[in-house]
Amino acid sequence: QVQLVESGGGLVQAGGSLRLSCAASGRTVRNYAMGWFRQAPGKEREFVAAVSGSGGGTLYADSAKGRFTISRDNAKNTVSLQMNSLKPEDTAVYYCAAALNIVSVKTGGNYWGRGTQVTVSS
């Protein structure tokens with residue numbers, strides 16, 4: 001089993017920045033690929049970004065490219081999402097996810113955190 005806990009959400013004006021963090025614990029968590037999804041009210045959950053177990057490979061949704069950066073610190077078992085140039089359409093609950101490999105994370109993670117709210121005002 002893997003446990004994931006998100007933090008760092010909040011309220012920010014359009015154009016501002018936020019940094020989300022995900023703390024992971026459990027069996028061999030350093031070997032798991034991890035990523036971020038988001039879900040806005042009335043919409044389906046969508047993929048945002050993912051990073052491989054080694055930290056050497058990344059994937060981004062088109063909406064995140066050039067604005068968001070995903071990274072991990074395997075020594076501390078944490079994954080971060082730096083979000084810059086935020087837009088009102090980025091408003092959503094952001095979830096941390098984990099799976100055996102990076103493609104499986106993008107397709108649908110096997111483990112999930114409980115989410116952290118991000119609200120961007122215009």
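Trainee: In which strand is valine 120 found?

Mentor: Valine 120 is found in strand β11. Keep in mind that this is a predicted model.

Trainee: Is valine 120 buried or exposed?

Mentor: Read the relative accessibility against the cut-off. Buried means under 20%. Valine 120 has 6% relative accessibility, so this residue counts as buried.

Trainee: Which residues is valine 120 in contact with, leaving aside its neighbours within four places in sequence?

Mentor: Look for stretches of the chain in the list. Val12, Gln13 and Ala14 are among the contacts of valine 120. Leu86, Lys87 and Pro88 also touch valine 120, as do Asp90 and Thr91.

Trainee: What separates the C-alpha atoms of valine 120 and asparagine 74?

Mentor: A distance of 30 Å separates them. Along the chain, valine 120 and asparagine 74 are 46 residues apart.

Trainee: How many bridges join β1 to β3?

Mentor: Count 6 bridges between β1, residues 2–7, and β3, residues 18–26. The two strands run antiparallel. Leucine 4 stands opposite alanine 24 in β3. Serine 7 stands opposite serine 21 in β3.

Trainee: How many bridges join β3 to β8?

Mentor: Again 6 bridges, with β3 and β8 antiparallel. Strand β8 covers residues 78–83. Here alanine 23 stands opposite threonine 78 in β8.

Trainee: What is a disulfide, in general terms?

Mentor: A disulfide is a covalent bond that joins the sulfur atoms of two cysteines. This structure holds 1 disulfide.

Trainee: Which cysteines form the disulfide?

Mentor: Cysteine 22 and cysteine 96 form it, with their sulfur atoms 2.2 Å apart. The angle about the S-S bond is -85°, and the link is left-handed. Cysteine 22 lies in strand β3 and cysteine 96 in strand β9, so the pair ties together parts 74 residues apart in sequence. Both cysteine 22 and cysteine 96 are buried.

Trainee: Which residues of the largest nonpolar core touch the most other members?

Mentor: Trp36, Leu81, Met83 and Tyr94 touch the most others among the 27 residues of the largest nonpolar core. Then ask which strands contribute. β1, β3, β4, β5, β7, β8, β9 and β11 each supply at least two residues of this core. A second, separate core has 9 residues, including Phe37, Phe47, Ala61 and Val105.

Trainee: Which side chains make polar contacts with the side chain of arginine 38?

Mentor: Take the partners one by one. Another, at 3.0 Å, is with the side chain of tyrosine 94. Then widen the view to contacts beyond four places in sequence. For arginine 38 they include Val48, Ser63, Phe68, Glu89 and Asp90.

Trainee: Where is glycine 42 found?

Mentor: Glycine 42 is found in the loop between β4 and β5. At 89% relative accessibility, glycine 42 counts as exposed. The C-alpha atoms of glycine 42 and glutamine 117 are separated by 15 Å, though the two residues are 75 apart along the chain.

Trainee: And where is glycine 57 found?

Mentor: Glycine 57 is found in the loop between β5 and β6. Its relative accessible area is 23%, so glycine 57 is partly exposed. Beyond four places in sequence, glycine 57 is in contact with Ala50, Val51, Ser52 and Ile102. The C-alpha atoms of glycine 57 and glycine 108 are separated by 17 Å.

Terms used:
Residues are numbered from 1 along each chain as its sequence is written. This is a predicted model: local features need pLDDT of at least 70, side-chain atom pairs count only at pLDDT 80 or more; totals for chains, interfaces and linings use all residues. Side-chain values use heavy atoms; hydrogens and water are left out. Two strands pair if DSSP finds at least two bridges between them. Helices (H or I, at least four residues) and strands (E, at least two) are DSSP runs, numbered from the N terminus. A polar contact is a pair of N or O atoms within 3.5 Å; within protein, one must be able to donate a hydrogen and the other to accept it, and residues adjacent in sequence count only if both atoms are side-chain atoms. Contact means heavy atoms within 4.5 Å. A nonpolar core is a set of buried Ala, Val, Leu, Ile, Met, Phe, Trp, Tyr and Cys residues joined through side-chain atoms within 4.5 Å. Buried means under 20% relative accessible area, exposed over 50%, partly exposed in between (1.4 Å probe, protein chains only). A disulfide is a pair of cysteine sulfur atoms within 2.5 Å.
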